[in-house]
Amino acid sequence: MNHFEYGPQGLACEGVPLAKIAAEVGTPVYVYSRATLERHFVVFRDALAMSGVVDPLIAYAVKANSNVAVLKVLGDLGAGADTVSEGEVRRALAAGIPGERIVFSGVGKARREIAFALQAGVAEINVESEPELNLIAEVAAELGVRAKVAFRVNPDVAAGGHAKIATGKSENKFGVSFAEAARLYANASNNANLQPVGVACHIGSQITDLAPMRAAFTKMRGLVEQLLAEGLSVERLDLGGGLGVPYFNHPEPPSPAEFAAMVGEVTQGLPVTLAFEPGRVIAANAGVLVSEVIHVHERPEGRKFLVIDAAMNDLVRPAMYDAFHDIRPVIQRTGETVYDVVGPVCETGDTFTRDRALPPFAAGDLVAFMSAGAYGAAMASEYNTRPLVPEVLVDGDRYAVIRQRPTYDEMLARDLVPDWV
Ligand SMILES: *Cc1c(COP(=O)(O)O)cnc(C)c1O
């Protein structure tokens with residue numbers, strides 16, 4: 001469920017018409033619903049509780065939507081943060097999420113990032129390879145601390161809505177192989193600067209079938225039992241993120257309740273706490289991208305292009321993953337026309353959709369890309385020197401700009417021309 005519904009003034013986010021935000025903040029603009037963000041987190045948390053999962057660490061995947069205001073909304077409900085860079089650790093800390101609720105993941109953490117995370121006292125650094133384990137031990141020794149590490153294991157299970165977001169096969173770059181996990185864990189346990197606290201997996205994103213997750217989690221359970229049998233200490237099993245959301249053209253994903261029931265079944269009786277790293281399932285349907293139609297360009301051959309003021313630099317998912325976003329008129333209307341919806345960027349890839357039946361539009365009309373709260377603004381760039389898209393958070397009848405659109409002066413001031421040019 002989300003809080004984007006048509007009212008007397010067209011499509012609204014909670015109590016605020018999107019047309020009002022577009023008029024006051026300008027377009028393109030991302031708009032997030034606080035109530036939806038909170039609801040998604042609470043539904044996920046309560047589903048786990050209902051399935052007998054005691055006191056899990058729910059570390060929201062910051063990369064899905066990393067705005068500090070969004071992180072604070074979730075952090076205030078008890079969410080932790082799954083981070084993949086020093087910048088994301090800093091964002092989580094800035095939102096008031098304490099180090100003990102922060103997980104630091106990622107295949108290529110730099111020395112200074114590891115040092116920063118250790119000083120922030122993160123709950124676990126998820127180790128993705130043996131060289132990385134050695135680097136963490138080295139940095140921890142320099143700092144005189146014992147690094148809490150969890151091994152991200154590649155369970156060699158295929159999953160995920162697109163090849164570019166499948167991470168759980170051994171040919172993907174992520175995680176140590178299943179076969180070497182136990183040996184690395186045992187070695188780390190004997191290192192004075194390392195404290196292995198658990199194992200982790202994350203097999204992909206936009207997963208709409210529980211079977212691969214069940215297969216991976218069952219393998220992970222086996223690994224935890226093996227480590228415990230070898231007398232090693234295991235406190236936590238981190239099951240990652242990846243649960244899919246409805247994008248309207250996709251297979252219907254399992255609900256958080258179905259996911260949690262499966263987790264409860266697979267992990268029943270295992271004497272460890274569980275961690276989760278949900279991103280998309282929390283943020284995707286809590287946000288929309290609002291854009292204005294610049295013009296309708298109709299070719300004599302018949303194709304109609306809806307040229308809008310949002311582009312691939314604002315929402316890259318269609319160009320990058322062939323992703324589908326439902327596109328709705330902000331002001332409801334009847335009739336149907338078939339459009340290619342395109343942005344102004346000088347790339348053929350700057351096409352949001354082709355041959356989509358939509359209501360008829362004219363210049364100045366507003367459209368909303370639904371389900372754009374995850375991997376939308378977080379992936380935006382200034383390609384074509386288009387100002388970074390702003391973000392707005394709605395709370396009931398009020399809203400606030402939570403990331404400002406930069407001015408051209410601010411953008412140009414970042415470029416430095418040496419005096420010898
Ligand atoms: C991206 C990512 C997530 C979040 O994935 P979603 O599909 O958004 O839930 C979780 N954990 C890790 C390690 C990731 O890289």
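Contact, as the word is used in this report, means heavy atoms within 4.5 Å. The structure is a predicted model, in which local features need pLDDT of at least 70 and side-chain atom pairs count only at pLDDT 80 or more, while totals for chains, interfaces and linings use all residues. Residues are numbered from 1 along each chain as its sequence is written, and side-chain values use heavy atoms, with hydrogens and water left out.

The protein is divided into domain 1 (4–32 + 284–413) and domain 2 (34–282), with bounds that come from an automatic or database domain assignment. The C-alpha centres of the two domains lie 32 Å apart, and 25 residues of domain 1 are in contact with 23 residues of domain 2. The size of an interface is often given as the accessible area lost when the parts come together. Here the buried area, which is the accessible area (1.4 Å probe) that two parts lose on being put together, summed over both, is about 2,100 Å² between domain 1 and domain 2, and carbon and sulfur atoms give 57% of it. Tyr 321, Phe 324 and Tyr 375 supply 27% of the area that domain 1 buries against domain 2, which is more than any other three residues.

Between domain 1 and domain 2 there are 10 residue pairs in polar contact, both residues being at pLDDT 80 or more; a polar contact is a pair of N or O atoms within 3.5 Å, where within protein one must be able to donate a hydrogen and the other to accept it, and residues adjacent in sequence count only if both atoms are side-chain atoms. On the side of domain 1 that touches domain 2, helix 11 (317–321), strand 20 (391–395) and strand 21 (398–403) each supply at least two residues, and strand 20 gives the most, with 4 residues. Helices (H or I, at least four residues) and strands (E, at least two) are DSSP runs, numbered from the N terminus.

**Salt bridges**

A salt bridge is a side-chain nitrogen of Lys or Arg within 4 Å of a carboxyl oxygen of Asp or Glu. The structure holds 25 salt bridges, and the count between domain 1 and domain 2 is 1. Asp 395 and Arg 34 pair in this way, and both belong to a network of salt bridges that also links Glu 38 and Arg 398.

| Asp 395 | Arg 34 | 3.5 Å |

Asp 314 and Arg 386 are both buried, where buried means under 20% relative accessible area, exposed over 50%, and partly exposed in between (1.4 Å probe, protein chains only). Arg 414, by contrast, counts as exposed at 52% relative accessibility, and Arg 214 is partly exposed at 34%.

**The annotated position**

The UniProt annotation "active site", from an unreviewed entry, covers Cys 346; UniProt positions are given in the numbering used here, feature names are shortened, and annotations may be inferred rather than shown by experiment. Cys 346 is placed in the loop between strand 17 (337–342) and strand 18 (351–358), and this residue is exposed, with a relative accessible area of 66%.
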